[in-house]
Each structure stands twice: as structure tokens, then as C-alpha cells.
Amino acid sequence: MSSFKSILAAFSFLFLTAHSGFTQTKKLEQEARSAMLAATRFMVEKASVNGGYVAHYLPDFSRRWGELEGFKTQVWVQDPGTVSMGNVFLDAYKATGDEYYYTAAEKVASALIWGQLPEGGWNYMIDFAGDRSLKHWYNTIGKNAWGFEEYYYYYGTSTFDDSNTSGPASFLLRLYLQKMDSKYKPALDKAIQLIINSQYPLGGWPQRFPLKDNHPKNGKEDYSAYYTFNDEVISGNIDFLIQCYINLGEERFLDPIRRGMNFYLITQQGNPQGGWGQQYNMDLQVAHARSYEPPALMPGFTYTHVLLLMKYYQLTGDRKFLARIPDAIQWLESCRLPAEKSLGGTRTHATFIEIGTNKGLYSHRKGTGVKDGHYWWDYDDNNLLAHYGGKTNINIQFLKDEYQRVNALSAEEATRNSPLKAGMIKDGTLPQTQFSTASSSGMVPDDTMVSGIIKALDQDRWLVKHIQISRPYSVLPDGSEMNTAKLSDENGKGIVDSSEQQYISTREYEKNMGLLIRYLKK
């Protein structure tokens with residue numbers, strides 16, 4: 001009898017312990033939901049401007065920053081900003097079913113549609129005070145942000161840089177599919193048509209569209225019309241068109257997708273320098289763009305393009321995408337930095353490699369702002385430009401291993417999960433399930449981390465310190481204008497605010513929401 005009682009007591013203890021753990025987990029899940037909703041209400045109802053966002057705000061909203069400081073009437077399109085917030089809202093809606101998140105995503109869409117340009121795309125930011133205010137921003141903050149040359153001029157056209165058009169277009173596609181709400185289809189169709197119309201016959205895209213050549217820089221042709229790989233211009237547009245093909249099922253997307261993929265083959269250089277540059281002029285020559293971007297080959301882009309070519313083989317089953325990968329790897333081997341220039345073995349290549357000589361080119365700058373500052377490049381690897389990086393690290397062995405793996409796959413094996421192949425989506429699978437975002441993948445936090453995230457909420461805000469900010473625009477006594485770029489030293493190394501000043505952070509909100517979403521979905 002005593003033995004039976006002991007067993008019963010042990011069983012009861014285990015049951016109560018398990019029940020207690022289950023109850024605690026449910027309690028923490030509810031606390032996580034409450035924290036998510038409170039933080040989202042703050043961002044939607046206090047931080048947003050007509051549904052749009054920037055990256056950082058002072059707690060009293062007296063100043064705010066996207067990639068640069070913005071007016072109170074402005075929001076930034078690129079991440080972290082309006083589009084990334086919209087995607088987090090949709091992730092939260094999917095995880096919780098709470099309609100508040102869907103409504104928040106609709107407000108993002110309203111901001112983006114308001115800021116959509118006549119041709120169908122977007123600029124870096126949207127100014128709800130209109131063109132007059134936006135032009136004033138360009139003539140004050142933009143033109144004096146030394147090093148941020150893409151902001152020196154008001155083009156009034158759409159940019160593909162940093163996914164500033166493919167990003168909002170993808171968000172509108174996702175929102176449209178969520179409830180098949182037709183009110184989002186006209187703006188989506190307009191963005192799709194722009195991306196199709198702006199593609200060059202050879203398959204690449206310019207940085208901006210419609211094409212303009214009215215802002216010569218240092219006597220050189222304006223680079224915004226160049227074929228541009230930099231900042232996911234071409235790969236971002238291809239990925240968006242693939243999303244459209246998967247979810248809308250229209251075969252008209254296949255031709256621009258294939259021409260975009262083929263452009264990587266067209267622009268690979270001949271041996272012995274089988275790499276790529278980041279932009280090409282109309283004669284398909286590697287071209288100079290911003291003042292610190294020489295007409296050079298780039299190991300970093302070459303590494304990325306090799307991975308993309310392997311991806312394109314797995315999408316299409318066409319072995320032409322694999323044919324010259326060995327040439328690219330051979331070139332990367334040939335231009336390795338000597339040991340004494342590798343910064344203690346932490347870097348393998350110069351960021352820029354001179355065409356013809358295979359020598360490293362290194363960018364530098366001096367001065368304090370647009371008025372007295374200038375950039376140049378040479379062969380000297382001292383005092384490297386910090387905001388761009390003069391040297392990089394390339395994992396050639398990973399490329400070799402991955403190439404061997406993918407090259408060994410037959411076309412049928414390689415394309416088994418290709419979204420470009422008919423029948424990949426099973427009957428009954430809804431299109432919106434095809435989207436994968438930052439919030440839906442990554443580390444799943446444990447209970448301790450979740451508790452810490454919840455406790456970090458301060459008046460429904462997640463605050464950060466020690467971020468990189470800028471000086472306010474002003475005219476100095478000598479008539480010159482203040483450098484409005486984010487604070488940095490003469491070589492471009494970022495200087496953060498070392499005070500105890502706190503900032504409302506869109507990025508922190510997105511990071512914490514992503515962790516809590518994954519916790520709820522575990």
C-alpha cells in the first residue's frame with residue numbers, strides 16, 4: 001500500500017508540474033500577444049505618418065531619420081521603414097488572426113499608394129506635403145549629405161535601388177492575395193507594368209526609370225540609366241516577377257524573368273578576369289558610378305552572382321547558368337590579397353579590382369562635407385574608406401563546394417522544387433502561403449528571452465541608444481551649409497550618439513515582433 005501511495009504521489013507531482021508548466025507557457029504567450037499589440041498600437045497611432053514610417057525617432061518626435069534625416073511630413077519606403085513595417089503587420093496577422101494588424105497593413109498600403117509615382121514606382125521617401133516640400137528637402141538636407149550621392153538631386157522618378165520599387169510592389173501583391181481585395185490590384189498592376197516596361201532588351205534594369213540624363217556628375221554621364229546590379233536592382237526585380245508568376249499565374253512574366261537571368265551571363269567578363277562589376281554603361285562596359293565607385297570588377301558581387309547562377313539553374317534546369325562558374329572562381333583565386341595585406345587573415349580581397357591589371361583599387365576621402373570634401377581611388381590600401389569598405393572576405397571554398405553539389409544535380413533533380421515549373425503549387429494551396437518573410441524564419445526565442453523582450457517595453461515602445469544620427473541642416477556664418485550626412489569621421493567611419501539619449505526604433509520593433517511571432521508559432 002505504501003508503495004502504491006508513493007507511485008500515486010509521484011504521478012500527481014509530475015502531473016501538477018506539467019500542468020503548471022503548461023499554464024505558465026500559456027500565460028507567457030498571452031503576455032507576448034499583449035506586448036505585440038501594445039507596441040503595434042503605439043507605432044501605428046503615434047509614430048506613423050499617414051500609415052508610413054522611418055527608421056528612428058526622438059521620443060518626442062521632434063526629429064526623425066530614415067537613411068538621412070527627414071521632415072515630419074516624410075516617410076521612408078526602404079527598410080527599415082514603411083514596407084518592412086507592413087510585412088511585419090501581415091506576419092502578425094497571420095500568427096494571431098487579430099484584425100488590428102491587417103488594418104495596420106492596410107494603412108501602410110494607403111501610404112504607399114499615395115506615394116506611388118505616375119509611372120508606377122517609388123522614390124526613396126514619400127513626402128505628404130507634396131513636391132514643393134520634397135524639393136526643399138533635396139535642396140537642403142539631400143544635397144549636403146556628403147557621400148549619399150543618390151540624394152543629391154531631385155529626379156522625380158522611380159528608383160529600383162535598395163528594392164525601393166520591387167519592395168512595395170511585393171508588399172502590395174502580398175496584401176492583395178491575403179483577402180483577394182481588388183482595391184489593391186490597380187496599384188499592383190501599375191507597379192508590375194513599370195518593372196516590365198523599364199527592363200532593357202538585354203535583360204538588365206537601370207537604377208531609375210523613366211530614363212533621364214540631366215544631372216551630369218563631374219562631367220561624366222549620369223549613372224542612373226546604367227545597367228545596375230548594385231543594391232539588388234536586377235535580382236530584386238527578377239525575384240518580384242517570380243513572385244508574380246507563382247501567385248498570379250500569368251505566363252507573360254516568364255520572358256522578362258528569363259531575360260533578367262540571362263543578363264548575368266552577358267555581363268560576366270572574359271578570362272582571365274571572369275568576374276562582374278556593379279554597373280555597366282550602354283556599351284556594356286563596367287562603369288564608374290558614385291565618386292567612390294571606380295569602373296572596376298568586384299569580388300563581392302562576383303561571389304553573389306555565382307550563387308545566383310546556381311539558383312537560376314535550380315529554377316530553370318538550364319546548364320548554361322553553370323557553364324562559366326569555374327571561370328569566376330578561378331578569377332577569385334587569382335586576385336586574393338597577399339597575406340601581409342589581409343588584415344591579419346580577416347580579409348581575402350580588395351573591394352575593387354582594376355580591369356586588366358588585377359590590382360586592388362582603394363577608395364579614400366578627405367574633407368568635412370560637400371563643399372570641401374572629395375573622393376579618389378588609387379593603389380594605396382592605407383586610410384581606407386570606412387563607409388564602403390576597402391577590403392572584403394570571400395569564402396571561395398564554399399563556392400567550390402556548392403558548385404560541386406549543384407553541378408552534380410541532373411536538370412530534373414535541380415528543378416524538383418522550382419516555382420517556374422508547372423504543378424509546383426498543389427491543388428488547394430492558397431497563393432499567399434508562398435510568401436516567406438523575415439518574421440517567418442530565424443531563431444525561435446526561449447521563455448527567458450521572450451520575458452526580456454516584454455519587459456523591455458517602455459510606455460509601449462522599444463527604445464534604443466547609441467545610434468548614428470546627423471547634424472540638423474543649417475547655414476554656417478560663412479554662408480556654407482552644414483554636412484547633413486549621418487555623423488562619421490573623415491574616412492567615413494560612423495560615429496554614434498554616445499549619450500544616454502534614447503530613440504524609438506523601427507528596426508528594434510521589427511526585430512522583437514519577429515521573435516515574438518516565431519515564439520507564438522512554435
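This is a predicted model: local features need pLDDT of at least 70, side-chain atom pairs count only at pLDDT 80 or more; totals for chains, interfaces and linings use all residues.

Colleague: How do I read the strands, and which strand does E1 join?

Modeller: Helices (H or I, at least four residues) and strands (E, at least two) are DSSP runs, numbered from the N terminus. Two strands pair if DSSP finds at least two bridges between them. Here, E1 (residues 56-57) runs antiparallel to E15 (residues 502-505), and two bridges join them. His 56 is found opposite Ser 505 of E15. E15 also pairs with E14 (residues 463-465), in the antiparallel sense and over three bridges. There, Leu 463 has Ile 504 as its bridge partner.

Colleague: What is the strand order in the open sheet of three strands?

Modeller: The order is E10-E11-E12, and the pairing is antiparallel. E10 (352-353) and E12 (374-378) are the edge strands; each has a single partner strand, so one side of each lacks a neighbour in the sheet. Between E10 and E11 (residues 360-366) there are two bridges, and Ile 353 faces Gly 360 across the pair.

Colleague: Is H5 mostly covered or mostly open?

Modeller: Mostly covered, as 13 of its 14 residues are buried. Buried means under 20% relative accessible area, exposed over 50%, and partly exposed in between (1.4 Å probe, protein chains only).

Colleague: How many aromatic pairs are there, and how is such a pair described?

Modeller: A pair of aromatic rings is described by the distance of the centres and the angle of the planes. Rings of Phe, Tyr and Trp (its six-membered ring) pair if their centres lie within 6.5 Å; planes under 30 degrees apart count as stacked, over 60 as edge-to-face and the rest as tilted. The structure holds 26 such pairs. In one of them, Phe 229 and Phe 263 have ring centres 5.7 Å apart and planes at 40°, so the pair is tilted. This pair links distant parts of the chain, 34 residues apart: Phe 229 is in the loop between E7 (227-228) and H7 (233-248), and Phe 263 is in H8 (residues 254-267). Both residues are buried.

Colleague: Let us finish with single residues. Where is Val 49?

Modeller: Val 49 sits in the loop between H1 (2-47) and E1. With a relative accessible area of 17%, Val 49 is buried. Contact means heavy atoms within 4.5 Å. Leaving aside neighbours within four places in sequence, the contacts of Val 49 include Arg 64 and Phe 128.

Colleague: And is Ser 505 buried or exposed?

Modeller: Ser 505, which lies in E15, is buried, with a relative accessible area of 3%. Beyond neighbours within four places in sequence, Ser 505 contacts Ala 55, His 56, Trp 462 and Val 464.

Definitions and conventions. Residues are numbered from 1 along each chain as its sequence is written. Side-chain values use heavy atoms; hydrogens and water are left out.
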